[in-house]
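This report describes selected features of one protein chain. It covers strand pairing, salt bridges and a cavity, in that order.

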Amino acid sequence: MKSIPIILLGCGGVGRQLLHHIISCRSLHSKQGIVIRVVGVSDSSSLLVSEDIMLSGMRDEFLAEICRAKSAGSPLKSLLNHGHCQLYTGQDALENIVSIASSLGRSIGLAVVDCSASAETIGLLEQVSSLGCCVVLANKKPLTCGIDDFEKLVSHFRRIRFESTVGAGLPVIASVTRVISSGDPISRIVGTLSGTLGYVMSELEEGKAFSEIVRAAKSLGYTEPDPRDDLSGMDVARKGLILSRLLGWRINLSDIKIESLYPSEFGPNSMSTEDFLSKGLSQLDVKLKERVATASSKGNVLRYVCVIEDSRCNVGLRELPKDSALGRLRGGDNVVEIYSRCYKNSPLVIQGAGAGNDTTAAGVLADIIDLQDLFA
């Protein structure tokens with residue numbers, strides 16, 4: 001059996017779902033001659049490490065207990081007596097991850113899997129990568145930091161995977177890198193890269209009020225706790241930046257033109273989440289309704305789109321033909337069109353569910369398995 005030891009950073013929705021997937025896929029992976037050993041799990045304050053990182057990992061029963069505890073809001077340190085593991089906190093946690101990376105990275109191998117939403121993992125990921133470890137990301141922030149840090153992180157490109165940072169489980173990154181590797185220059189990428197904003201645009205098209213849609217989306221769990229995190233367009237911009245950098249463009253987030261769906265005076269620094277939901281949102285209804293009507297009068301629909309072309313990345317609302325791939329989009333699906341020499345007149349189109357913990361975690365697991373040839 002080929003053993004893939006992993007350390008998981010982050011026990012939020014995606015991290016917990018990844019652990020569930022690893023447990024449920026044991027039989028499948030066994031048939032493929034693979035076993036994934038979870039040797040460490042961390043949250044924002046501590047790290048639990050298996051007592052024998054060289055030969056075994058945490059038992060599935062203990063991994064399930066971790067998921068239950070974190071879902072209930074309990075810290076990892078509350079589980080210390082439930083499994084055969086050691087607890088590290090603060091700087092000791094970071095140093096221990098580096099120590100494990102040094103021990104395993106250039107021998108049997110180690111994958112550090114970042115399912116957090118933190119920018120503080122950047123330095124750690126650079127360190128473990130330099131020690132020969134693999135890195136798998138669902139966290140976009142390490143890839144959307146300054147260009148110098150980005151280039152350090154991806155300098156060992158064979159050992160890094162980050163499919164889930166752009167399209168959850170959709171093969172967007174893989175498709176872009178395959179086209180580039182074939183010597184077929186990509187001239188344009190156009191996509192709807194937010195399931196949340198896709199849902200909002202579809203509901204607007206049905207004639208519903210913007211405020212009503214956003215409140216419903218929040219109650220359904222489609223948005224972040226503060227919906228402005230989605231409505232600002234920043235998440236889409238980060239995804240666009242990752243794709244732009246894949247094309248070789250040395251740009252930063254500040255170089256991207258981003259259209260927010262709310263004005264700056266309604267921002268987090270000026271208005272609480274509660275006030276935004278109860279007072280601010282309704283003031284945006286008329287403007288969004290007018291933009292939908294203007295698009296409809298031309299036979300078009302309104303979509304929140306990322307356009308990457310001519311060394312520029314722009315993110316915002318666009319009017320599109322109803323019968324186009326992006327115009328036909330409904331609900332929370334994502335669509336990405338890739339234009340190149342070979343796909344000049346008929347683009348490569350990738351479509352499907354582009355959000356959700358389950359889908360994202362499945363993409364992360366696929367990335368881990370994709371690295372199997374690098375492990376002893």
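Val 113 stands opposite Val 136, a residue of strand E6. The chain runs from E5 through helix H5 (residues 122-130) to E6, and this β-α-β crossover is right-handed; the term means that, with the strands pointing away from the viewer, the path from the first strand over the helix to the second runs clockwise. The model is a predicted one, in which local features need pLDDT of at least 70 and side-chain atom pairs count only at pLDDT 80 or more, while totals for chains, interfaces and linings use all residues. Residues are numbered from 1 along each chain as its sequence is written, and side-chain values use heavy atoms, with hydrogens and water left out.

**Strand E5 and its partners**

Helices (H or I, at least four residues) and strands (E, at least two) are DSSP runs numbered from the N terminus. Strands count as paired if DSSP finds at least two bridges between them. E5 and strand E6 (residues 134-137) pair in the parallel sense over four bridges. Strand E1 (residues 2-9) also runs parallel to E5, and four bridges join them. Here Leu 8 has Val 113 of E5 as its bridge partner.

In a regular strand, side chains alternate between the two faces of the sheet. In strand E5 (residues 111-114), Ala 111 and Val 113 point one way, Val 112 and Asp 114 point the other way, and all are buried. Buried stands for under 20% relative accessible area, exposed for over 50%, and partly exposed for values in between (1.4 Å probe, protein chains only).

**Salt bridges**

A salt bridge is a side-chain nitrogen of Lys or Arg within 4 Å of a carboxyl oxygen of Asp or Glu. The count by this rule is 15.

Within helix H3, Arg 68 and Glu 65 lie three residues apart, about one turn of the helix. Their side chains form a salt bridge of 2.9 Å, N to O.

Glu 309 and Arg 188 also meet in a salt bridge, at 3.0 Å, N to O. This pair too links distant parts of the chain: Glu 309 is in strand E10 (residues 300-309) and Arg 188 in strand E8 (residues 186-192), 121 residues apart.

| Residue | Relative accessible area |
|---|---|
| Asp 60 | 22% |
| Arg 26 | 24% |
| Glu 65 | 23% |
| Glu 309 | 30% |
| Arg 188 | 23% |

Elsewhere, salt bridges link Lys 140, Asp 235 and Lys 239 in a network.

**The cavity**

On a 1 Å grid over the protein atoms alone, a cavity is a set of points where a 1.4 Å probe fits but cannot get out, and lining residues have an atom within 4 Å of a point. Grid points are joined across faces, edges and corners, and a volume is the space filled by probe spheres set on the points. A search of the whole structure finds one cavity of 30 Å³ or more. The largest cavity holds about 40 Å³ of space.

Its lining includes Leu 197, Met 201, Val 236, Arg 303 and Tyr 304. Helix H9 (195-205) and E10 each supply at least two lining residues. The largest share, three residues, comes from H9.

Methods
1 Å grid on protein atoms, 1.4 Å probe; cavity = no way out; pocket = protein on both sides within 12 Å on 5 of 7 lines; lining within 4 Å.
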